[in-house]
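Hello,

Here is the structure I promised to pass on to you. Have a look at it first, and then read my notes below.

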Amino acid sequence: MVPAHKKGLSIKVIFSVILATIIPTTLYFIVPNPLVVIAVAVTFAILVSVAIFLFLKPLNTLIQGSQNLSQGNFNQRVDIQSGDEFEELGNSFNQMGEKISKIFHDSATARDIAIAEKSKLDEVLSSIIDGIVAIDVNKNVIFANRAAQEMTGYTMEEFKSQPVDKLVHVFVDTEEILPKTFCQINFSKPTKVVGKNGKETKVNLTTAKVGETVQSNLSCILIMHDLSKEEELEKMKLDFVSMASHELKTPLTSIIGYLSVFVNENKGKLPKEEWELVNRSLVSSQQLFTLVQNLLNVNKIEREQISVAPQSLDYLPILTKVVDDLKNQAAVKSIILTLNPSSQSLPKVIADPIRISEVVTNLVANAINYTNPGGKVDVSITASPSEVTTTISDTGVGIPKEAIPHLFTKFFRVSNTMQQASKGTGLGLYISKSIIEKLNGKISVESESGKGSRFSFTLPVATLNSISVNPDKYVGQVIQSGALNY
């Protein structure tokens with residue numbers, strides 16, 4: 001603050017200028033000597049010049065400081081010590097400069113932080129393997145990360161501010177889905193994306209609708225998960241499983257054949273201990289053969305190439321043979337395996353004799369594996385006018401209630417006390433369900449932990465209308481009817 005006694009100095013200067021004008025004029029009329037008048041006038045003129053200089057100097061300093069400040073020199077300060085209003089004005093100017101400099105520094109810092117954060121976000125989005133496209137309220141592209149550019153073939157410059165449906169076309173099967181559809185709901189479906197020069201990519205498209213505001217100018221975000229690489233990897237896995245299973249099946253067939261002949265010809269001739277060792281080798285070989293066959297079946301199911309050759313057939317002889325073949329496996333664990341056919345005459349069913357044999361083998365072998373030594377496994381048949389039902393019951397460990405919904409899922413195994421003792425792959429039930437459903441049947445399970453299980457499946461009864469079966473209804477497109485092609 002300027003001291004009170006110094007205030008009004010500029011007013012005094014102005015007053016001096018006025019006096020310098022009035023006094024010489026008055027002297028001209030009072031003093032007759034012109035030289036005196038001239039001397040007084042010159043003296044006052046000098047005084048006026050000095051007063052004007054003193055008046056204009058701080059003003060010029062303020063003007064120069066304002067110009068520097070307007071040119072971006074926010075560190076500009078003025079030094080005015082006139083002891084009057086100009087000094088107060090200079091102090092106010094310096095305070096304003098301090099505030100502007102601080103605001104500019106804070107703004108620059110905030111801008112640098114925002115740029116750094118944006119760079120981090122861009123780097124993160126670019127490193128994500130899924131394609132990400134952001135769309136504004138007019139359905140124009142705001143941003144597309146590196147993965148999205150690779151999937152569509154467009155660069156960010158080509159994407160920028162262009163309508164998304166002009167560059168990228170989304171198809172579900174053969175129907176094109178427009179942005180007004182997939183941006184209005186939370187969309188998530190496997191789709192085909194067609195980009196630059198007709199480039200096609202299979203993706204799982206997921207969209208997230210964003211609250212549209214003027215400030216954000218953001219409508220929705222597209223997330224494209226590339227399925228083509230996963231499909232290629234899955235195909236390689238399936239090819240490997242198929243090749244390995246084929247190579248394993250040939251020697252296993254020979255081993256089982258030789259062991260079966262040896263066991264049948266030497267039963268009663270070998271010491272009991274030696275015969276049991278050979279018999280167990282045969283059982284283990286059969287189990288390994290079943291595993292290889294299951295792997296082949298899963299391979300075909302995954303490729304949608306599994307085939308069935310449905311025909312009208314007598315079902316009981318097939319069931320009897322499967323049960324007889326598995327009695328050795330049951331005997332190893334001292335399990336009683338029985339077949340209880342229906343008391344009434346069984347009608348013929350529509351089924352594939354080889355495939356239905358696989359189903360029964362899987363279900364009965366499962367029951368034996370999960371039944372404690374000394375237990376029982378019972379196979380029974382009932383008939384109705386439209387279907388024949390086969391039920392495999394056991395006195396095993398049972399299945400927890402929470403596991404039943406997942407029981408027919410590929411590779412699913414129930415966690416229980418028998419899991420360590422029973423080595424399985426979780427494929428049998430998955431394959432059985434696929435085959436039964438291809439034969440227009442149904443499969444189900446009833447079980448309670450610790451109280452055993454009951455698996456049931458149905459087969460349609462052969463009627464006059466069903467004897468001539470349309471193979472296209474049952475057979476995969478790639479495999480011809482009846483061809484197992486192992």
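Which residue lies over the face of F171? That residue is K192, placed 5.6 Å from the ring centre. For a charge to sit over a ring, NZ of Lys or CZ of Arg must be within 6 Å of the ring centre and within 35 degrees of the ring normal.

A word on how to read this: the model is predicted, so local features need pLDDT of at least 70 and side-chain atom pairs count only at pLDDT 80 or more, while totals for chains, interfaces and linings use all residues. Residues are numbered from 1 along each chain as its sequence is written, and side-chain values use heavy atoms, with hydrogens and water left out.

The overall picture

The protein has twelve helices and 14 strands; these are DSSP runs, numbered from the N terminus, with helices (H or I) of at least four residues and strands (E) of at least two. Of its 486 residues, 39% are buried, where buried means under 20% relative accessible area, exposed over 50% and partly exposed in between, with a 1.4 Å probe and protein chains only.

The predictor's confidence in each residue, pLDDT, runs from 0 to 100. Its mean for the protein is 77, and 76% of the residues reach 70 or more. Over residues 417–422 the pLDDT is below 50, and this stretch has twelve contacts beyond near neighbours in sequence. A contact means heavy atoms within 4.5 Å. Residues 467–486 also stay under 50, with 43 contacts beyond four places in sequence.

The disulfide

There is one disulfide, which requires two cysteine sulfur atoms within 2.5 Å. C183 and C220 form it, with their sulfur atoms 2.0 Å apart. C183 sits in the loop between helix 7 (179–182) and strand 5 (188–194), and C220 belongs to strand 7 (residues 220–226), 37 residues apart. C183 is buried at 1% relative accessibility, and C220 is buried at 0%.

The aromatic pairs

Two aromatic pairs turn up; ring centres of Phe, Tyr or Trp (its six-membered ring) must lie within 6.5 Å, and planes under 30 degrees apart count as stacked, over 60 as edge-to-face and the rest as tilted. One of them joins F408 and F455 edge-to-face, at 6.5 Å centre to centre and 85° between the planes. F408 lies in the loop between strand 12 (387–394) and helix 12 (428–438), and F455 in strand 14 (residues 453–460), so the pair ties together parts 47 residues apart in sequence. Both F408 and F455 are buried.

Happy exploring!
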